[in-house]
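Subject: Structure handover

Hello,

Here is the structure you will be working with. Please open it first, then read my notes below.

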Amino acid sequence: MEAARCLLDIKAIKLSPENPFTWASGRKSPIYCDNRLTLSYPPIRTYLRQQFVSIVNEMFSNVDVIAGVATGGIAQGVLVAQDLGKPFIYVRPEAKSHGMKNQIEGDVKPGQTVFVIEDLISTGKSSLLAVDALRDAGCDVKGMAAIFTYELEVAKKNFEEKNVALQTITNYSTLIEVAIAEKYISEENLESLKKWRENPEKWSDDRM
């Protein structure tokens with residue numbers, strides 16, 4: 001619960017069911033997440049790094065390389081790699097159209113084991129594109145960790161289909177629990193927040 005409390009305190013995550021946010025897709029949402037804000041708060045940044053390191057050590061302590069997903073996972077991934085004394089690489093959404101036309105930046109070799117760091121999981125699509133790129137390069141992706149997940153069913157399905165083990169430091173259910181307890185939101189908004197997670201598209205359409 002500490003991670004959820006931190007994210008709410010610094011407004012890295014904002015909840016507004018009555019005046020929803022508009023995502024880049026045009027969809028309406030009662031939640032907005034910008035985990036990059038955590039980098040501006042050293043105690044929180046340190047706490048998250050320690051949580052990531054614990055996940056890596058518990059799941060795959062002998063992994064060869066830490067990879068960050070551009071752009072949100074890059075800074076967190078560097079911190080984790082530094083703590084573990086591991087090489088770091090990062091993966092773009094797609095290959096560059098110029099220069100070396102890299103999609104993976106950094107030195108990685110076929111056969112190396114890789115653990116991926118991400119900041120946020122929504123549908124999982126962009127995160128899993130990074131996994132595809134690493135696998136195409138001959139890497140053995142051992143798993144992924146993220147700061148936060150919306151816990152959408154589509155994400156769970158996507159990760160299962162790609163056979164990628166996902167761990168997160170905190171999640172939507174915990175966030176809502178903390179938000180109610182700390183009075184960031186009222187009990188009256190709880191049902192609306194639950195309905196959004198069950199069906200984000202319908203929730204959005206009902207407000208457009």
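**What I found**

The protein chain has eight helices and 10 strands. Its radius of gyration is 17 Å, close to the 17 Å that the globule rule gives for 208 residues, so the chain is as compact as a globular protein of that length. Keep in mind that this is a predicted model.

**The whole chain**

Start with the overall dimensions. Along its principal axes, the C-alpha trace of the protein chain spans about 55 × 35 × 30 Å. Of the 208 residues, 42% count as buried. The accessible surface of the chain comes to about 10700 Å². Carbon and sulfur atoms hold 47% of that surface.

Next, contacts. Take those in the chain with a separation of 6 or more: residues 24 or more positions apart account for 62% of them.

Then charge. The chain carries 25 positive and 28 negative side chains. The centres of the two sets lie 3 Å apart.

**Helix H1**

Now go to helix H1, residues 2–9. Which of its residues are buried? They are Ala3, Ala4, Cys6, Leu7 and Leu8. What do the buried residues of H1 pack against? Three of the partners are strands: E1 (13–15), E9 (140–149) and E10 (166–171). The others are helices H2 (42–60) and H6 (172–181). Just after H1 comes Lys11, with a positive phi of about 60 degrees.

**The sheet**

E9 and E10 turn up again here. They belong to an open sheet of six strands, in the order E7-E6-E5-E8-E9-E10. The pairing is mixed. Strand E7 (104–105) and E10 are the edge strands, as each pairs on one side only. In general, strands of a sheet pair through backbone hydrogen bonds, either parallel or antiparallel. E9 and E10 run parallel, and five bridges join them. For an example, find Met144: its bridge partner in E10 is Leu166.

Last, look at Asn189. Where does Asn189 sit? Its place is in the loop between H6 and helix H7 (190–198). Is Asn189 buried or exposed? The cut-off for buried is under 20% relative accessible area. Asn189 has 11%, so this residue is buried. Leaving out residues up to four places away in sequence, Asn189 touches Pro17 and Glu18.

Best wishes

Note on methods. Residues are numbered from 1 along each chain as its sequence is written. This is a predicted model: local features need pLDDT of at least 70, side-chain atom pairs count only at pLDDT 80 or more; totals for chains, interfaces and linings use all residues. Side-chain values use heavy atoms; hydrogens and water are left out. Helices (H or I, at least four residues) and strands (E, at least two) are DSSP runs, numbered from the N terminus. The radius of gyration is taken over C-alpha atoms; the globule rule is 2.2 Å times the number of residues to the power 0.38. Buried means under 20% relative accessible area, exposed over 50%, partly exposed in between (1.4 Å probe, protein chains only). Contact means heavy atoms within 4.5 Å. Accessible areas come from the Shrake-Rupley method with a 1.4 Å probe; for residues, only the protein chains shown count as cover. Lys and Arg count as positive and Asp and Glu as negative; His and the chain ends are not counted. The place of a charge is taken as NZ of Lys, CZ of Arg, CG of Asp or CD of Glu. Two strands pair if DSSP finds at least two bridges between them.
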